[in-house]
Amino acid sequence: MKRILIIVVIAGLLLPSCMKYQDIKFLGVDHVRIGKLGMNESTLDMNLVFNNPNRMGATINNARGQAWIQDIYIGDFLLSEDVKIPASSNFSVPVSLKLNLKDLVKNSLNLITRDSIALRVDGSAQLSKGGIIKNFPLRYSGRQSSQQLLGQLRF
């Protein structure tokens with residue numbers, strides 16, 4: 001009986017380390033909506049779109065970070081709710097972005113007149129599956145069409 005217990009414990013410790021887990025990839029922003037509007041603090045509600053390249057699903061319990069447009073810090077984002085992640089597919093995570101409207105308004109003409117806007121997101125998230133928690137980085141740096149972003153904006 002002791003022998004079986006030792007084998008089970010060793011297998012339980014070694015098996016998870018054999019599974020290759022790839023980090024979830026950030027793809028972009030979708031469904032941007034204005035939440036609260038004020039000069040000192042405003043919120044944008046949006047979906048961050050990701051790809052899960054893994055053959056197993058999980059749950060994102062916590063995500064937070066900072067966002068920049070054209071290298072201008074616009075605010076912090078926070079996960080609105082726990083999100084179940086399907087295996088091997090794209091998925092959306094609803095977040096609220098608290099932004100400093102003063103800085104954004106100062107540069108709004110410059111942003112609107114560009115064909116594309118440089119976006120940068122830097123943060124982290126917690127992924128959980130069956131009591132196992134893994135932290136992973138949320139990093140994205142790329143360009144998005146100005147018309148596409150403005151076209152998604154809903155009041």
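How many helices and strands does the chain have? There are four helices and eight strands, where helices (H or I, at least four residues) and strands (E, at least two) are DSSP runs numbered from the N terminus. Read from the N terminus on, the elements follow the order α-β-β-β-β-β-β-α-α-β-β-α.

A word on the ground rules before we go further. This is a predicted model, in which local features need pLDDT of at least 70 and side-chain atom pairs count only at pLDDT 80 or more, while totals for chains, interfaces and linings use all residues. Residues are numbered from 1 along each chain as its sequence is written, and side-chain values use heavy atoms, with hydrogens and water left out.

Now for the chain as a whole. Of its 155 residues, 35% count as buried; buried means under 20% relative accessible area, exposed over 50%, and partly exposed in between (1.4 Å probe, protein chains only). The chain exposes about 9900 Å², with carbon and sulfur atoms supplying 58% of it; such areas come from the Shrake-Rupley method with a 1.4 Å probe, and for residues only the protein chains shown count as cover. Contact means heavy atoms within 4.5 Å. Among contacts between residues at least 6 apart in sequence, 64% join residues at least 24 apart.

Leaving aside residues up to four places away in sequence, Phe50 touches several residues, including Ile24, Phe26, Leu27, Phe91 and Leu138. Ser89 is also among the residues it touches; the C-alpha atoms of Phe50 and Ser89 are separated by 8.5 Å, though the two are 39 residues apart along the chain.

Next, the aromatic rings. Rings of Phe, Tyr and Trp (its six-membered ring) pair if their centres lie within 6.5 Å; planes under 30 degrees apart count as stacked, over 60 as edge-to-face and the rest as tilted. By this rule there are two aromatic pairs. Phe50 and Phe91 form a stacked pair, 5.6 Å centre to centre with 20° between the planes. This pair links distant parts of the chain, since Phe50 is in strand β2 (residues 42-52) and Phe91 in strand β6 (residues 89-99), 41 residues apart. Both Phe50 and Phe91 are buried.

Trp68 and Tyr73 have ring centres 5.9 Å apart and planes at 65°, so this pair is edge-to-face. Trp68 is buried, at 16% relative accessible area, whereas Tyr73 is partly exposed, at 37%.
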